[in-house]
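Thank you all for coming.

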Amino acid sequence: MASPEIDALTQALARLPGLGPRSARRAVLYLLKKREAALVPLQRALEAVSAKLATCTTCGNVDTSDPCQICADPRRDARMLCVVEEVADLWALDRTRLFPGRFHVLGGRLAALEGVRPEDLTIDSLVGRIERGGIDEVVLAMNATLEGQTTAHYIAERIERFPVRVTQLAHGLPVGGELDYLDEGTLAQALRARRPVS
């Protein structure tokens with residue numbers, strides 16, 4: 001039996017994605033065993049983030065400043081805008097260091113069955129950013145799901161009146177993927193997006 005405080009910590013960790021009750025107990029035991037090396041630094045980091053946490057009013061990224069570090073970075077190409085569903089997608093794309101522009105987080109994707117409508121997302125603020133000018137290309141980086149593609153199509157229709165180039169992430173074969181193990185949707189998209197061999 002653990003104390004109510006330790007039990008509360010275990011339950012809080014168990015609610016995190018990827019951690020179940022057993023993993024949370026192991027993490028708590030590790031934190032308790034390595035109090036100075038792990039628990040105290042974790043506590044300080046959580047307090048610091050909690051005190052400064054902000055949502056960027058420009059793009060919707062989560063950071064400790066508003067505007068976020070990406071929007072405030074003068075080295076970023078303000079003419080390129082990558083639209084993503086969630087902050088996790090922004091972080092994943094930014095980790096590649098291949099996209100030099102800025103981002104816009106929708107806060108989800110259109111999903112009629114779940115009741116998610118265009119007004120539930122930040123599509124209007126995206127259109128406003130484009131309307132203000134200075135953007136040459138909009139990259140629609142939605143997930144390769146029916147809802148993601150529906151969202152991309154809806155956004156493309158909303159911004160077609162502006163003089164911007166609208167592009168979409170390529171979909172298809174993953175690097176190292178074997179054809180025999182891929183689903184039909186991935187194979188179909190790879191066939192549709194085929195290109196000449198150079």
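Predicted model: local features only at pLDDT ≥ 70, side-chain atom pairs only at ≥ 80, totals over all residues.

Let me start with threonine 10, which touches Pro21, Ala24, Arg25 and Val28 when residues up to four places away in sequence are not counted, and where contact means heavy atoms within 4.5 Å. Residues are numbered from 1 along each chain as its sequence is written, and side-chain values use heavy atoms, with hydrogens and water left out.

Threonine 10 is found in helix α1, and here helices (H or I, at least four residues) and strands (E, at least two) are DSSP runs, numbered from the N terminus. Is threonine 10 buried or exposed? Threonine 10 has a relative accessible area of 12%, so it counts as buried, a word that means under 20% relative accessible area, with exposed being over 50% and partly exposed in between, for a 1.4 Å probe and protein chains only.

Leucine 19 sits in the loop between α1 and α2, and because its relative accessibility is 28%, leucine 19 counts as partly exposed. Leaving aside neighbours within four places in sequence, leucine 19 is in contact with Leu13 and Ala14.

Now for the two helices themselves. Helix α1 (residues 4–14) and helix α2 (residues 21–33) pack at an angle of about 130 degrees, with their axes 8 Å apart, where axes are lines fitted to C-alpha atoms, for helices over the stretch in contact, and angles run from 0 to 180 degrees between N-to-C directions. The two helices α1 and α2 are therefore oblique to each other, since angles under 35 degrees count as roughly parallel, over 145 as roughly antiparallel, 65 to 115 as roughly perpendicular and the rest as oblique. On the α1 side, Ile6, Leu9, Thr10, Leu13 and Ala14 meet Pro21, Ala24, Arg25, Ala27, Val28, Leu31 and Leu32 of α2. The residues of this contact of α1 with α2 divide into 10 nonpolar, one polar and one charged, with Ala, Val, Leu, Ile, Met, Phe, Trp, Tyr, Cys and Pro counted as nonpolar, Asp, Glu, Lys and Arg as charged, and the others, Gly among them, as polar.

How do α2 and helix α3 (residues 35–52) cross, and at what angle? Their axes come within 6 Å and cross at roughly 110 degrees, and α2 and α3 are therefore roughly perpendicular to each other. In this contact, Tyr30, Leu31, Leu32 and Lys33 of α2 meet Arg35, Ala38, Leu39 and Leu42 of α3, and by class the contact of α2 with α3 has six nonpolar, no polar and two charged residues.
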